[in-house]
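Reader: I'm new to this one. Can you put it up and walk me through a couple of spots?

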There are 2 protein chains.
Amino acid sequence: MTEATTEASTGEPVSFQTEPSRYRHWRLSTDGAVATLVMDVDEQGGLRPGYELKLNSYDLGVDIELYDAVQRLRFEHPEVAVVVLTSGKEKIFSAGANIRMLAAAPHAWKVNFCKFTNETRGAMEDASANSGQAWLAALNGTASGGGYELALACEHIMLVDDRSSTVSLPELPLLGVLPGTGGLTRVVDKRHVRRDRADYFATKSEGLGGPKAAGWRLVDEVVPRPGWDEAVAARAAELAGQSARSPAGAAGIRLDPLAKERGPDRISYPHVTAVLDREAGTAEITVTGPDGEPPADAAGILAEGAGFWTLAVTRALDDLILDLRTNELELGTWVLRTEGDARRVLGYDALVARAAADGDWLATEILLYLKRTLKRLDVTSRSLIALIEPGSCFAGSLLELALAADRSYMLDGTFEDDGDDRPAPEIVVGELNSGPLPMANGLSRLAARFLGDEAGLDAVTKQAGEPLGAAEAEELGLVTFAPDDIDWADEVRIATEERASFSPDALTGLEANFRFAGPETMETKIFGRLAAWQNWIFNRPNASGPDGALRAFGTGQRARFDRKRV
Amino acid sequence: MTEATTEASTGEPVSFQTEPSRYRHWRLSTDGAVATLVMDVDEQGGLRPGYELKLNSYDLGVDIELYDAVQRLRFEHPEVAVVVLTSGKEKIFSAGANIRMLAAAPHAWKVNFCKFTNETRGAMEDASANSGQAWLAALNGTASGGGYELALACEHIMLVDDRSSTVSLPELPLLGVLPGTGGLTRVVDKRHVRRDRADYFATKSEGLGGPKAAGWRLVDEVVPRPGWDEAVAARAAELAGQSARSPAGAAGIRLDPLAKERGPDRISYPHVTAVLDREAGTAEITVTGPDGEPPADAAGILAEGAGFWTLAVTRALDDLILDLRTNELELGTWVLRTEGDARRVLGYDALVARAAADGDWLATEILLYLKRTLKRLDVTSRSLIALIEPGSCFAGSLLELALAADRSYMLDGTFEDDGDDRPAPEIVVGELNSGPLPMANGLSRLAARFLGDEAGLDAVTKQAGEPLGAAEAEELGLVTFAPDDIDWADEVRIATEERASFSPDALTGLEANFRFAGPETMETKIFGRLAAWQNWIFNRPNASGPDGALRAFGTGQRARFDRKRV
């Protein structure tokens, strides 16, 4: 982690790859069905210079390690049914995001940091909800701000009752910003704290502890310090007993380090490549299909482990999204391509879907991970343009990339003048397009595309498994435009050049609204409404100006506010 | 309208009161069941100096007249079942919000302007959905930006097909902001335009017309110019035929000018008073109950007309909310009180509810107007604190004020030392609290309060009609705190002083999130997610900075963008 810095400095790009032996801030251990993840932040271990991570406060580097732990618990520990999240410090669980770091960070860094942190909290909830791996927050000291928000992402919250430990959301009274990682939403929408109590709680910087915290549903239970360890262990055992995870004798797979190469203008992994065109402001991303036929069954997936195509592609995409989002802010358009054999993609998809339906833990985890990675793409503030060209394999799982895009262009016919003798491209709707990979709003990307158009959705679903040419795909509404060889180059060039000429901020707002038509969930609220308000507040002088509350915190100066309500 | 100016100037406060004979920008006429509202903006009639309202572009003054027309159509014209909205200009329906006005306006003005505009669009949709008064957009020329968004709020959109008239959302490509009055949401969530087509449409500044606009569902039909008038008339007649409105022979009531007095520190109406305390940053709002018993039946409501207590209170509250929101930006906390007889309030409520259930048009309109006014309170960016004291009448319709508040304080007992011999306050849950006055998210304020707590909601509902003292109200969860005489003054003082010390921006974000827990609707999306993104964009240098797109528009200079995606 130490080599990583922020985009604001001239140092190396931030890396999201780590492993438990390199953790500086966490200790992960397992004992049968129960894992324990101890937060013990190294004060001197900040990702960049200029702040100390006191009181288990965190920065992006701390959260990168947490994300790694979340992933490894899913893939390397099928035996773990409960993750006990606790602190290695005395009297403090976590003070939340580091304020000095936030105050000094550029706006884009704040926003990116909150987004990644939110995604990791979401992955914890996904583990509790869909993977039989429940997270248990054992708050052995005060959890404030982001520390409490971390607990809110857990299935069950225990707070030590020692007359001093509390939970709190002091962001508004102390910093003039919102709890930035879902706290407001989860308090009322997940834990159903009454809205007027939530209002009081979120303005009371010292927070609440003891029986009142439990009575208001801020935590699930309070436990005196004597007997704390036993109570936590008993609750963990109880949750483990309720889990459907822990397949008898299952051994995990190892998430080997990614074979990633990162040059100044190119990032590559075995199945994913990105070419960075700084002049055009684009990243040209190509995902390649499987090199061969899928293994015969679930045992084959396990044997291939992290090398299994679907998992390898997902890991590479996940890392690439995070890398580009964090390190390449000026590449505003991502051009998405695929290369390979659609039939093989569908073969891998079918194997994973079948094995997951049969209850195979690894296939289930791979599908859930692919779901989370595609969701990460959905909330990425970059324009996404899919190009469907000869040689491509937009089928099933990879068709999701085109469905996630803001627009898609599919060549009608072949590139006749380029000496390219590959046949006209085809796309295939597969079984993974109709349910197993929902967006954050609960809809499949196909259903979101055909919102309010049941007939259109039915027509597409009926074509599942059939290779579709450009004219047919356009007619069915699966692609935006289907230019022929003569128009292709101009149309695509205009689309990307035009995108680069627009206000990056307005594009972010536009895309965030169009990508999430239809129903809303707690998750879409967090990435939509809550994040948008927070971004606005982050950008206001009352928070980030020279006299703003974020800058004034800890200086002894009082923040000065423009009192106008907007 | 001419005396009105913005809060940025030193002039008079903006007034929201007008009437058709004073309109400068609209012509309202009726012919049986069909009303025609012609937009014909006076270029020189801007609310403030510095811009010309060319091409039927609008500012707040234009929208105040539109809002007045919407209200009068509901109350003065029970015979009108269809409102044809069209333009009095050649070749142009409306160019949307005036750009020079927007570019020059302070941030708070932009946000307030968009909010009011959104509320008026919502009132048009409410008329189509709930009042049998369908709005028909007859676009006899190009409708761009806010002009098209105005059409999107209508039930049916007709566009003239003359090879030049289009609909468009050019905000992003031309101005670097979002369509600010629901356009993005309505395109995908109401009209179900496919998201990738919506993306293309909202980046194409010249828009789309002709059969393609209809094919993409951007409009409902296109009609050649020859025969346009006849086609519009035929469609209006058809919609009128489908309406359940038009009670035979019903005559409307007259919305007399409000008896409003506005001094520097006090605004008053017959049943509503606001004391403006600029030092404390509060507006102390008191609503008084009925002076006597309600009339016996629906005929009595009609006879009293605009003087009928429920309607008079609603009109006063509506105007007061708009006045304070627009003209008193630094009064960040509104303290809500009532005075009067709870039994009489419930008597008026019961009459209105019964008459509306029996199909009386006026009672129905009064309920719908009260609903819209309470919704306006919900989206107001001010802290709302309800104080329930001796002499108050928080019952039924007026209890909604306490339920809309961010917090409520109810005195437990009496003011013993103040020579105040009034009995301890009581509140009463009435029939209007359980459904007829839903929030924008579709929930009653009681249901939103007890989100996820069915038992709590049931317990409250069982007490309907019973006067509840402070201890009982607190136990049931109907009030936040119930201090006694000894603690009252300190607790209330601390709550309001503390509120005034917090960041106004963070409070806006906090309240917007806590007030709208639970489900989302198109309406909550527009006031929540879309508005928050737009506010963020408005506040960014890429839009509003010296080189931003809003400022650069029309100057011949190209906007210069910070290309970082956030």
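Author: To begin, α3(A) and α20(A) are roughly antiparallel to each other, a label for angles over 145 degrees. This is a predicted model, where local features need pLDDT of at least 70, side-chain atom pairs count only at pLDDT 80 or more, and totals for chains, interfaces and linings use all residues. Residues are numbered from 1 along each chain as written, chains are lettered from A and ligands numbered from 1 in the order written, and side-chain values use heavy atoms, without hydrogens and water.

Reader: At roughly what angle do the axes of α3(A) and α20(A) cross?

Author: Roughly 160°, and the axes come within 11 Å. Axes are lines fitted to C-alpha atoms over the stretch in contact, with angles from 0 to 180 degrees between N-to-C directions. Helices here are DSSP runs (H or I, at least four residues), and strands are E runs of at least two, numbered from the N terminus.

Reader: Which residues of α20(A) make the contact?

Author: Met522(A), Ile526(A), Phe527(A), Asn535(A) and Phe538(A), where contact means heavy atoms within 4.5 Å. On α3(A), the residues include His107(A) and Glu125(A).

Reader: New topic. Is Thr338(A) buried or exposed?

Author: Thr338(A) counts as buried, because its relative accessibility is 4%; buried means under 20%, exposed over 50%, partly exposed in between (1.4 Å probe, protein chains only). Thr338(A) is in strand β16, residues 333–339 of chain A.

Reader: What does the side chain of Thr338(A) reach at 2.8 Å?

Author: The backbone nitrogen of Cys393(A). That side chain also reaches the backbone nitrogen of Phe394(A), at 3.5 Å.

Note on methods
Polar contact = N/O pair within 3.5 Å; in protein donor to acceptor, adjacent residues only side chain to side chain. Parallel < 35°, antiparallel > 145°, perpendicular 65-115°, else oblique.
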